[in-house]
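Reader: I'd like to learn how to read an interface in a model like this one. Could you walk me through it?

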Amino acid sequence: MSDLISPLGTLAATAADIAAARLSVIAPATQLSFRGREAAIGPAGAGFGVDLPRQACRFARSGARLAAWLGPDEWLLIAEDADPAALQADLQAALAGLPHALVDVSARALGIAVEGPRAAYVLNQGCPLDLDEAAFPVGMATRTVFAKAEIVLMRETPERFRVEVWRSFAPYAWGLLEEARREFA
Amino acid sequence: MLIITCPWCGERPEIEFVYGGEAHIARPADPSALTDQQWADFLYNRTNPKGRHAERWRHTHGCGRFFNAVRDTVSDFFVATYKPGDARPDVEGDVQ
Amino acid sequence: MTGSFRTPSGGRIDRTAALAFRFDGATYHGFAGDTLASALLANGVHLVGRSFKYHRPRGILSAGSDEPNALVEVRRDDARITPNLRATQVELYEGLEAASQNRWPSLARDAGAVNDLFAPFLPAGFYYKTFMWPAGAWKRFYEPKIRAMAGLGKAPTLPDPDRYTQHYAHCDVLVIGAGPAGIASALAASAGGARVILVDEQAEPGGSLLAATDAAIDTKPATQWLADALAELTAAGVVIMPRTTAFGYFPHNMIALCERVTEHLAAPDRALPRERLWQIRAKQVVIAAGALERPLVFPENDRPGVMLAESARTYLTRYGVRPGERAVIFTAADSGYRAALDLAAGGVAIAAIADLRAAPEGEWPARALAAGIDVRPSTVVAGTAGRLRVKAARLAKVKHGAVGPAEVVACDAVLMSGGFTPSVHLFSQSRGKLAWDETLGAYLPARSVERERSAGACRGRYGLTAALADGYHAGEEAAAEALKDSARPAGRRATASRAFGVVARDTGTDGFIGAVPHGRNPAFAKAFVDWQNDVTAKDIALATREGFRSIEHVKRYTTTGMATDQGKTSNMNALGIVAEQLGESVPKIGLTTFRPPYTPTTFGIFAGAARGDLFDPVRVTPIHGWAEARGAAFEPVSLWKRAHYFPEKGDGGRLEDMHAAVARECRAVRSGVGIFDASTLGKIEVVGADAAEFMNRMYTNPWSKLEPGRLRYGVMLRENGFVMDDGVVGRLAPDRFHVTTTTGGAARVLAHMEDYLQTEWPDLDVWLTSTTEQWAVIAVQGPKSREVLAPLVEGIDLSKGALPNMSVREGRIAGVPTRLFRLSFAGELGFEVNVPAAQGRAVWEAIFKAGEPFGIAPYGTETMHVLRAEKGYIIVGQETDGTAAPDDVGLGWAIGKAKKDFVGKRSLSRAAFFMPDRKQLVGLLTRDPAVVLEEGAQLVAAPNAALPVPMLGHVTSSYASATLGRSIALAMVKGGRARIGQTLYVPMPSGPIAVELVDPVFYDAEGARLDV
């Protein structure tokens, strides 16, 4: 991926392979912000193909689609198999007449995977949350902070986290992650 | 750094939150009906108590929601947090 | 070669690993496991520094972090020079290079020692009293001179090359201090199923167990029990962190730790951080910080060779070092006897034990007598002799408060013990309340505020038996409390409480607080209370005589307890002296506040990774790389880095300056076409059935009748009526608005909207989403902009009729979906092309290529500013300053008069907004068109008026306008609109500049250029 598309292109291409905490860029995908009243939540899940999680700070995944609870009326929908316009059209059809908002945010953030036995240790150099598995289990998703950047943090496996960070903050977050894992190089 | 219990997300560090001033001060339904003094009271005058204070917080770097909290301004401990629209809870005793 | 004062065997040093080190240029040898202090003592070196104020020779007083004297500089290379390290905490490594401080030309012959001769004239408050005259001399003369003479170490002048990291961590129970109480706590908490972290400031966990040579626990020697306990904790998953100081206790159980990672290594791995800052959030904290031995305050108690008795015992038992050949013990507690007996067994002759107590009783005095030691009750050390090392002690009997004649006893060490002071620093930092314990003569933790408990000696439970039992109990309680609401399985929680079988001899609880009687002329007897700040008993007595009653005032006046040791050795004795002077009891005097850090902490850990490129996020747009390659100059705008201007090579290959570049860029936009990266504009998508209603309430403008496909310039006020932000808003559909904000205002505006939406109008069906980073925004401006874009655009008719000024259409450009805005902040035919950020660079390049035949010029923020100023368009934050109402800046037209309410409306009817002298936006033309005013300059009515001159306003924006061939400026002037046509003056150092007030729109006032 070149820097023409992603500000992480060069950083990712030149990153060292450190098994304790690997960094990689997650391929861009369609991302929609879904907001809505109670009546719209069920139909949104049906239209998206993944029931929107009702438990706070959790994500659900089915195939190429992921729905993450970010707030009591806010979900981040990620689809690796549809372009924004098509997905929006599908959902609008399912949500016709129901109070909701859908906004395309596909280009807003970049995804970084942090993976390895020391992934939590590396993330805890900027993220103040308790990343012990008991406190932040697999399937958890939440907005939080990583040093001076806001991120969405998801735990995909015990040793793999997905960090979504706004595009212009991404080189900063990446740089800090590199700094944080330097002792394992 | 304080720990704040978001009514939706649970206990989270203060760094994720933004303070929002005193709670339960509703914007007047018809501001034009107010005298200058009444409007100034709404805009500027706050109770600033020593002790239990109902105040607004927003979990900005979390679920994004505003909520209310009762905090003891002497001890800096929270007595309760609750969703907007809920009445201020009547909590007795010391809370740590 | 490793020191003549080393015992033949014993201690925890590795005698197979000899290490060479240098101190003040001389080479010495020590062993692995030594501290710099123990290694120096092993070589008979006691003189290690000069005192702060009097430059008196000073030796090693203690064996731990309470050390006030032995402050040294450790140097690894030119950039790695660390001053003010306590030699008692510096671990020895091969090649260590250390130096003493605060002396010149050498430690033994220090010129500053002349201060000591003048000491009678340097009492407390000397500086305040003396350097008051003449006025101004303090700043110019006295302060620089005093600062040059005082101070401790020197900071390195090169940037710190080391790395520091910062970590967040969580646990159920944090145990601070790995002495017997702390280890017992950790055992209990871990057995209770808790996640436990155990930290200790020393290199080796164990605390007093490391020097417990004669104790046994559970039938094992104490040191063996320690090793087993640590292995048990490690196996149970307890995180044990040595070399880690808990230096601050912050609200809601956040404890700050400094972990020293590489400082003790001869050749540190540079991939490792030098130190880590840990911010630990603990459900429960057990403070097991132990107790500090208290010095006795007697004359000349600061000579090298005078040492705390328990520290001397530590040097012997832990490091195999004798503190001297022949020692006098001066004690008010049994611990002095224990030290005497251990040292005697280690080969140190004990000249005498001077016991301040009249009738010392119990096993310890008996044992000393049995060992043939000269025990003298009711005896003080009334002074010492020796220049760079103590040579003798003057022992005198005290009878009914009177001090008898002194007997001079030769010795090379005086070891003192005034009893112990519980280390309540962290407890006190946690805002816990202390209470005076009359029996122990100590302040003890009484009431907790945070979720913590103290255990062992730091709450007055002295002795091994008590410490272990108290620690275990605290650990059990802490784990139970931490886990009471936890869903976690109980684990081994059911384990029965554990009792420890201890065989040890405790040393009681006696002690002394204050200054001991000495019977000498008080004006010339220097009995030190605070070694580090050179505060004597006489200074404190003087402060009380001069009327200082509050201990906080005495502290500041005398500086006792204010040094980097935070009063560890001095606080209690200072209190005792004040109490005696005032005829009050110690608890009546009160206690000074303990503040973090517990021990000095590097700036490095507070900076962490936040330095250089990672100090702050540097936000750049998708088009940044293009601008960089083009040679743009950049300027910071909030966290963004924006292209400021694009200098080109002119005649002769010289790069244009900003003035030339901006003039060329402005001409290109006015006469041809320019391209500008506006991606940093804040963007918010407002969506929902009630979107228009919400916009009506948030902005001054009316929105209900704005048709989809149209744009409107919106003004947002705070509830107090002042302008908060502005921006162009597009209506994409009946229920969808694309709102733009200022670059710096994006987050603030969204938060402001969310506040009203969530807390005042939760019934509105509308939602807000930040789309700032979703869209790259490419402004294409100038009369030729339509011709440039037309061939690239699909599905949008760019003609005047189909897309008039202030319109928006969705379609595609260069194959990419776009929201194409027709608008201009330059007052020309112009467009703002919104495309998804990932495609921003590609679309920019396509437009630029299409524009090349038209001479398209990239321009930066400076040109953007000049062009908008020519049109009289304000910038929020430049023309406005948080006290400007819309009408003040000429935006009265943007207020929806028919609207019943919007945020800020009620405030606009306040009387203050109708005052005739409100500052209003005007244009300024200098009489000399070549003169460009300074932004921020003041405006006055008369050029040479008498002082004070009334200020009528100030210049907010000022530029050289290439378009107009002259300078222009905007200003906020009192009653400005009524003054148009008048001449005012800008007073400058070079003389007043005459300016004419004009309408703020300098160019195309009728807007013809937009209407094409």
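Author: Gladly! Contact here means heavy atoms within 4.5 Å. Keep in mind that this is a predicted model. By that rule, 45 residues of chain C and 39 residues of chain A take part in the contact.

Reader: How much area do chain C and chain A bury between them?

Author: About 3600 Å², with 54% of it on carbon and sulfur atoms. On the chain C side, C:Tyr168, C:Trp767 and C:Glu773 lose the most area to chain A, together 20% of what that side buries.

Reader: And how many salt bridges are there between chain C and chain A?

Author: Six salt bridges are counted there. One of the pairs to look at is C:Arg195 with A:Asp130, joined N to O at 2.6 Å. β8(C) gives the most to the side of chain C that touches chain A, with five residues. By class, that side has 22 nonpolar, nine polar and 14 charged residues.

Reader: Which domains is chain A divided into?

Author: They are domain 1 (9–27 + 108–184) and domain 2 (30–104). Between them, these domains of chain A bury about 1100 Å², 57% of it on carbon and sulfur atoms. In domain 1, A:Ala141, A:Arg143 and A:Met154 lose the most area to domain 2, together 38% of what that side buries.

Reader: Which residue forms a salt bridge with A:Glu74?

Author: That is A:Arg143, whose closest N and O atoms with A:Glu74 are 2.8 Å apart. The rule finds two salt bridges across this domain interface of chain A.

Key:
Residues are numbered from 1 along each chain as its sequence is written. Chains are lettered from A and ligands numbered from 1 in the order in which they are written. This is a predicted model: local features need pLDDT of at least 70, side-chain atom pairs count only at pLDDT 80 or more; totals for chains, interfaces and linings use all residues. Side-chain values use heavy atoms; hydrogens and water are left out. Buried area is the accessible area (1.4 Å probe) that two parts lose on being put together, summed over both. A salt bridge is a side-chain nitrogen of Lys or Arg within 4 Å of a carboxyl oxygen of Asp or Glu. Helices (H or I, at least four residues) and strands (E, at least two) are DSSP runs, numbered from the N terminus. Ala, Val, Leu, Ile, Met, Phe, Trp, Tyr, Cys and Pro count as nonpolar, Asp, Glu, Lys and Arg as charged, and the others, Gly among them, as polar. Domain bounds come from an automatic or database domain assignment.
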